[in-house]
Amino acid sequence: MRAIRARSSSPIKALKSRLAVPLRPLLNSSIIRGVRSVGRRLAAAGTASYPPDVRRRLKILNVMCYLIATTTLLYAIQQAATDYQTYAPMVHLNLALVAAVLLVPFAHRINDIAGGLLLVAVEYAALVGFASFFSREGGGHLQYLIAAAAAFVIFGLERIWLVAGVIVLALALHLYVWYSFPVSGPVTPDEQAVIDSLYTQGAITTFALIAASVYYAFSLAEQAKAETDAVLRNVLPDPIVERLKANPGGLIADSIEDASVMFADISGFVALARRLGANATVDMLSRIVSEFDKLAVRHGVEKIKTIGDAYMVVAGLPEPVPDHTARLARMGLDMLETVARLRAESGLNLHLRIGMASGPVMAGVIGTRKFSYDVWGDPVNLASRLEGQSIPGRILICPGCRAKLGDSFVYEARGPIDIKGMGAQETWYLIGESGPPVTGADAPLTPSDLPRTRTAS
């Protein structure tokens, strides 16, 4: 059975869900909501004109720039407070770097890589400046390592040669700093403390940005996997999806000894659609099909497809179940009730014809790009023709279904019908489940509104 529902197997999502419960009151406070709103606007700065995938990448770049600007400003403040006279060149360099990285969102207006190139240029140059002042012991050269991960986030995998060039340049500058700026002369305890602090901060920043870049990459992969899985499960049964994942590209074809097939169709749909127009027709069909899909999940049957106003559903495959005919019969009765309710709510002249048959069928996945799970066999043809011979508000069933349902349901003889390619077939209308008749306010008003009766026998 395909369950049309959201699945969350991601450990990241599970962790977020567990943390969200105790933190929800704080996260929903007006102050936090205001901060998050400002943060979203800042992250989106300069990205409005780009498609969603590019916007997501540029938003990440913006956030990285704000983090770099914040930590760099803290460096400038720390150095100015320690000894402005000594560290004045580095204070000015840090402030210049802050101003430059804050220009990155404005650079997005040029093209989608201008901001990234600006960030790379000013960062690479600034790190050489820091190393020339503090020596390689200051740890500034560590931040060249960030390029190994962040370059993919900044420029995207589609620009692999640009990414490779940025990484190679970072490696060359890292080695250049290491060999060009060793510690010269004795280092006083005060100077050593400053160098140690800078190295620690540089290491923390490097590890944090690398971890953030890798997290971003894995979260995108998890999201893409979840989206692909959700799409597959909305067009294919769950067991078929698992078989496809286990053997991509493999042939999926099954012979099922016994299954049940049902076709449903809205009578007078063409005239109704012509009167309603496109928008109202699509809205009506979407509502009806959505209700039927919920019933399919509830009854443990498998929706195969819709063709216009026709709805095809099966039971007993891809995994066999002993009560497949009863499941489909109950769903058919519920479908009639659903259409009757929607008819009363909308005032539209909605009526459903249903045909149902059972027997051996074949099923499999067709196509390699746009998958389709389909079913073939005499029961499919018979159910389709029974639907065409049925009347609005009724379910017409074949002898096989009548035999399998037995005394658990109530029937009305329709008589033999000549089915093309199969000859004469005895048929019955399925009225409801067996039990005492419904009386009083709940009694059926018309044949098309016959409800199911679920009292114990």
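Where does Pro318 lie? Pro318 sits in the loop between β3 (310-315) and α12 (324-346), with helices (H or I, at least four residues) and strands (E, at least two) taken as DSSP runs and numbered from the N terminus. The bond that joins Leu317 to Pro318 is a cis peptide bond, with omega at about 5°.

Before we go on, a word on what you're looking at. This is a predicted model, where local features need pLDDT of at least 70, side-chain atom pairs count only at pLDDT 80 or more, and totals for chains, interfaces and linings use all residues. Residues are numbered from 1 along each chain as its sequence is written, and side-chain values use heavy atoms, leaving out hydrogens and water.

Rolling a probe the size of a water molecule over the atoms shows where empty space is left. Here a cavity is a set of points, on a 1 Å grid over the protein atoms alone, where a 1.4 Å probe fits but cannot get out; its lining residues have an atom within 4 Å of a point. Grid points are joined across faces, edges and corners, and a volume is the space filled by probe spheres set on the points.

The structure has six cavities of 30 Å³ or more.

Next comes the second largest cavity, with about 130 Å³ of space. Of its 13 lining residues, Tyr75, Phe130, Gly138, Gly140 and Leu198 lie nearest the centre. Two or more residues come from each of α3, α5 and α8. This lining has five nonpolar residues, eight polar ones and no charged ones.

Follow the chain past α5 and you reach Ser135, in the loop between α5 and α6.

Finally, look at strands β7 (residues 409-419) and β8 (residues 423-433), which run antiparallel and are joined by 10 bridges; two strands pair if DSSP finds at least two bridges between them. They make a hairpin with three residues between them, and Gly421 in the turn has a positive phi of about 85°. Across the pair, Glu412 stands opposite Tyr429 in β8.

Notes: 1 Å grid on protein atoms, 1.4 Å probe; cavity = no way out; pocket = protein on both sides within 12 Å on 5 of 7 lines; lining within 4 Å. Nonpolar A, V, L, I, M, F, W, Y, C, P; charged D, E, K, R; others polar.
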